[in-house]
Amino acid sequence: FALFSGYKLIGSHSGVKLCRWTKSMLRGRGGCYKHTFYGIESHRCMEATPSLACANKCVFCWRHHTNPVGTEWRWKMDQPEVILQEAIENHQNMIKQFKGVSGVKAARLEEALTVKHCALSLVGEPIMYPQINRFVRLLHQHGISSFLVTNAQFPEEIRRLEPVTQLYVSVDASTKESLRRIDRPLFKDFWQRFLDSLKALAEKQQRTVYRLTLVKAWNVDELKAYADLISLGKPDFIEVKGVTYCGESSASSLTMANVPWHGEVVSFVQELARLLPDYGIACEHEHSNCVLMAHSKFQVDGEWRTWIDYGRFQELVREHERSGGSRTFSAADYTARTPPWALFGARERGFDPLDVRFQRKNKARDISGC
């Protein structure tokens, strides 16, 4: 674990880290694509995981495989209450270190001490944690929204998962062969697990997302197969992102040549949209080389509603819990209007006009962040 740069380890299997977008928003330099697409406040978002372990060894993993891998839970299990409390404390301590730092906005620093969103996407496979439902429930009890990312290798766990604000699956390839090459999964029956995970996603009532990472020369030629996978899981949203090059590593053969330009990502999405009549191109975040497609049900009276009404979500999830699960709710019940600057084709290219974009002079970049 010593190789985890900037991580705060919690107990025996969890971790928290300050995302670079959290730091960026503290300084008024713009939020991440989840701010643009869904209205999260990046400076109030905690990036964490209750399971550092993963069942894949993806070629583009920006952790360079310093985390443990495995196909089943085999650690002494820490309690969700302890993990969450320590995660919040560690996160707040990292935020406090920005007090008085040049450029940091005092009002945002104050806000940042109250966590409002949790991205369970730091590393590993959070859904492997046996108490994931209790952990998510605790987040909601603290008024924190839940964005959970899974690698589509645990279909049963996806089925058993209680409502989260937004559930992501990583769809890193569209054929069995390219998935084997890109994700390098540990499970022998990885392809069946992958397909079953997508089918399980289709049964979810809350917001669901496919995350496609485009790796040039690896997986960008498989449009038709991607379209078939989308019809299988029927996600509400499809995020298409160019791969981030994380430097040379013995764990991966990727180079800068595998990174598509933003224009190439846009072209891919436009081609894909032609194959998917039920989806439209809603938003883009040029800064992250990322484009959002959304199901047409999120376009109401000609306006995209990809943003989330977080207060409404918390009300709905409380009702759901109080009723013992009988009061159900769907993604359509907690949408909010997407602001004009976040829309695809807008002059701002997904950059919030309240902030000021910062262009780096040197090329050393912190690539961490979901």
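Is Asp 78 buried or exposed? Asp 78 is buried, with a relative accessible area of 11%; here buried means under 20% relative accessible area, exposed over 50%, and partly exposed in between, for a 1.4 Å probe and protein chains only.

Colleagues, the model is predicted, so local features need pLDDT of at least 70 and side-chain atom pairs count only at pLDDT 80 or more, while totals for chains, interfaces and linings use all residues. Residues are numbered from 1 along each chain as its sequence is written, and side-chain values use heavy atoms, with hydrogens and water left out.

My topic is salt bridges. The term denotes a side-chain nitrogen of Lys or Arg within 4 Å of a carboxyl oxygen of Asp or Glu. The whole structure contains 20 salt bridges.

Asp 78 pairs with Lys 76 in one of them, at 3.4 Å from N to O.

I turn next to Asp 355 and Arg 108. Their closest N and O atoms are 2.9 Å apart in a salt bridge. Asp 355 lies in the segment after strand S14 (335-336) and Arg 108 in helix H4 (residues 106-112), so the pair ties together parts 247 residues apart in sequence. Helices (H or I, at least four residues) and strands (E, at least two) are DSSP runs, numbered from the N terminus. Both Asp 355 and Arg 108 are buried.

Glu 203 and Arg 159 also form a salt bridge, at 3.6 Å from N to O. Glu 203 is exposed at 54% relative accessibility, and Arg 159 is partly exposed at 35%.

Finally, a network of salt bridges links Glu 41, Arg 44 and Lys 116.
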